[in-house]
Structure formats: structure tokens, C-alpha cells
Amino acid sequence: MTGLKDRIKARIETEGPLSVAQYMSVCLGDPDAGYYMTREPFGSQGDFITAPEVSQMFGELIGAACLSAWRALGEPAEFQLVELGPGRGTLMADLLRMASLRPAFIKAARLNMVETSPRLREIQTATLSRSPLTPHFRNRFQDVPGGPLILVANEFFDALPIHQFVKTARGWQERQIGLSQDGELMFGVGTARLPDDAIPADLSSAPEGAIFETQPAANAIAEEIGHRIAEYGGAAILIDYGYLKTAAGDTLQALYKHAYDDVLAHPGEADLTAHVNFEALAAATVRAGAQALAPLTQGEFLLRSGLLERAGALGAGKSHSEQEAIRDAVERLAAPGQMGDLFKVLAVTNSGISFPPFDSAS
């Protein structure tokens with residue numbers, strides 16, 4: 001049993017059951033034992049490998065998209081370049097290497113890394129030590145200065161706390177974590193109910209036991225991004241695994257030592273995530289006055305952005321084994337059944353801005 005698990009049990013004994021959102025928050029963000037505060041979760045030594053760690057091509061093509069956005073915005077002389085949840089800093093390092101092909105972009109950019117983990121800030125600083133821009137670290141997106149904005153978030157929203165509601169005979173009631181008779185963590189149903197006007201019409205016939213997830217934390221940040229873009233102009237590229245249309249389903253999951261784990265088994269030691277509702281995310285940005293373009297799958301986005309061409313250039317003159325590794329990376333990043341379909345890409349801009357490779361407003 002972890003020390004954090006003991007503290008969670010003591011809190012439940014004193015204060016009562018926790019919502020799923022409260023449980024996720026303490027497991028991931030506890031200052032002393034939270035997963036992102038004490039561990040290096042990314043890469044082969046962590047619990048998962050993100051797209052930037054698969055290949056440099058991912059960050060480079062994001063960089064090309066940022067250059068495209070900057071041109072569409074009229075090449076502002078100064079803008080805020082922002083990454084939410086920068087991981088090891090790999091994506092930003094690759095992005096800046098590509099963006100350096102346009103020195104004026106680098107000169108205009110003010111780099112902001114929104115990161116709360118002191119350990120990850122150290123790693124990001126080391127990763128970017130030879131990059132052309134020095135990062136300014138921010139605890140919250142709201143701390144980023146005003147002005148035109150180009151923002152990237154890869155696997156950021158999936159780690160934000162969600163609420164879960166269970167369909168019962170009395171309506172949709174909040175799912176909670178409490179204690180069993182023998183003192184172990186267990187799921188249960190509380191008295192808090194989801195208001196009728198918050199339930200999508202197509203869920204009215206869901207069977208008892210169905211689970212519906214809401215993501216107020218993610219939507220609030222998306223709305224703030226939309227507000228900034230509507231006020232100052234800008235573009236955001238939001239990449240995560242998730243679904244395009246609101247639906248019932250339990251997507252809360254834990255990863256522990258590169259394997260799926262019981263969500264309640266290793267608080268603070270396992271990564272907790274949930275699939276992102278891209279319909280809700282897009283709607284939040286639109287409410288704030290921004291334009292949400294029709295989402296693409298990660299595979300569509302990368303292939304439209306020139307993944308195959310970049311892979312060919314990267315593999316030219318390389319050994320057979322190196323070319324095979326590049327082909328494997330392309331497959332992992334873009335193929336159906338791998339990251340290509342599971343991950344979605346949402347672009348947000350101010351109204352009227354064209355942003356290839358995205359098509360039109362959703």
C-alpha cells in the first residue's frame with residue numbers, strides 16, 4: 001500500500017467519499033506523492049510513450065503547422081508560443097528545429113511552457129538547452145501574457161479530472177470512491193445528481209448502470225483558449241485520444257509499468273487518464289467566440305501535413321535498419337488501429353482564418 005493510498009483512505013473516513021475528479025486530482029497532483037509531481041512518466045522508463053517520443057517527425061510536422069498558422073495570422077511581429085503539458089520537452093524541441101527554417105518566426109515567438117511539475121520543468125529545460133528560445137514556465141494557461149497566440153497541447157486534456165455519473169432508477173447520480181467494509185477503496189454511487197438539462201437527448205434511453213462522463217476542467221481551459229484567440233487572434237492545435245461525439249461509456253483508466261491497471265490499486269504510482277470528448281472541447285472554444293475547425297484523426301493530420309514525404313527525406317541515404325525504424329514510426333503514428341485513429345486533432349482559430357491542413361469550421 002502506498003502512503004498516498006493511506007492518506008486517501010483517511011480523508012474518506014474523515015470527509016466522506018471522493019468524486020472521481022477529486023480522486024484523479026490527488027493521485028496526479030498531490031505535491032508530495034502525485035504521479036506527475038514525483039515521477040518521470042514518459043518514455044521507455046515511464047508508463048507510456050507519447051507521439052513525440054516515437055519519432056522526431058511528429059514534432060517537426062507540428063512545427064510546420066505552427067508556421068502555417070503564423071502566416072495565416074499575418075506573421076505578427078510578436079506572439080505567444082505556448083505548450084500545455086510539455087512532457088519531456090521533446091515536441092517543442094522538434095517543433096523549434098522545424099520553425100527555425102523561418103528566423104522571423106523565432107524572433108517573434110515568446111515561448112511559454114505551462115507545467116506544474118518541478119521535476120518535469122528540469123527535464124524540459126535540459127531538453128531545450130540548445131533550442132533557439134528560452135522557455136518561460138507558467139503554472140496555468142491564464143498566466144500566459146496577452147497577445148496573438150499559437151498553442152499546442154499533446155496528451156494534455158486526457159489527464160485533467162473528469163466526473164462520472166451512473167444511470168440509476170433515480171436518474172444520473174455521481175460515481176464516487178469510498179471504502180468497503182474491510183477498508184479498501186471501492187466505487188459507489190453518491191446522492192449528487194446530474195441536472196436533466198445537462199444530459200444529452202440521445203442518452204435519455206441509456207440502460208441502468210451506464211456511465212456518462214463530464215469534463216468541466218478540460219472545457220474551462222478550452223473556453224479560455226477560445227477567448228484568448230477571439231480577443232487577440234491565434235491558433236491552437238489540440239491532440240489527444242478521445243471521441244468525436246458525446247456518448248455514454250467508462251473511459252477512466254490507469255497505466256502502471258506500461259500495462260493497464262486497476263484504477264484504485266496504485267494511487268500516485270499509476271497514470272490516470274480518460275478519453276477526451278472533442279465535441280464538448282470544440283463547443284467550449286466556440287462559446288468563447290473562436291472558430292473550431294472540423295477535427296481530423298492524427299493519421300489524417302500527419303499524412304496531410306507531409307508525413308510520408310518527411311519520412312522519405314529522413315530515410316534517404318540511411319541504413320536498411322534505420323529506414324525500417326522510420327517506417328515503423330510512420331505506422332505507429334498514423335496507421336488505423338494504432339495512434340492514427342485513436343488520437344484526434346482539433347484546430348481552433350479566430351473567425352475567418354484558413355488553416356491548412358484543416359478544412360472548415362465544425
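Trainee: Let's start with a loop: where is the place of Glu-155?

Mentor: Glu-155 sits in the loop between strand E5 (149-154) and strand E6 (163-168). Strands (E, at least two residues) and helices (H or I, at least four) are DSSP runs, numbered from the N terminus. Before we go on, this is a predicted model, where local features need pLDDT of at least 70, side-chain atom pairs count only at pLDDT 80 or more, and totals for chains, interfaces and linings use all residues. Residues are numbered from 1 along each chain as its sequence is written, and side-chain values use heavy atoms, with hydrogens and water left out.

Trainee: What is the phi of Glu-155, and is the residue buried or exposed?

Mentor: Its phi is positive, about 50°, although Glu-155 is not a glycine. Glu-155 counts as buried because its relative accessibility is 17%; buried means under 20% relative accessible area, exposed over 50%, and partly exposed in between (1.4 Å probe, protein chains only). Now take Lys-257, which also has a positive phi, near 55°, and is a residue other than glycine. Lys-257 lies in the loop between strand E11 (253-256) and strand E12 (259-261), and at 60% relative accessibility it counts as exposed.

Trainee: How many aromatic pairs does a search of the whole structure find?

Mentor: Eight. A pair of aromatic rings is described by the distance of the centres and the angle of the planes. Rings of Phe, Tyr and Trp (its six-membered ring) pair if their centres lie within 6.5 Å; planes under 30 degrees apart count as stacked, over 60 as edge-to-face and the rest as tilted.

Trainee: Why is the pair of Tyr-35 and Tyr-36 edge-to-face?

Mentor: Because their planes stand at 85°, with the ring centres 5.2 Å apart. Tyr-35 is buried, at 0% relative accessible area, and Tyr-36 counts as buried at 17%. For Phe-355 and Phe-358, the centres are 5.4 Å apart and the planes at 50°, so that pair is tilted. Phe-355 is buried at 1%, and Phe-358 is buried at 5%.

Trainee: Which peptide bond is cis, with omega near 10°?

Mentor: The one from Pro-356 to Pro-357. Pro-357 is placed in the segment after strand E17 (343-349).

Trainee: And the whole protein: how many helices and strands does it have?

Mentor: There are 14 helices and 17 strands. Of the 362 residues, 56% count as buried. The C-alpha trace spans about 65 × 40 × 40 Å along its principal axes.
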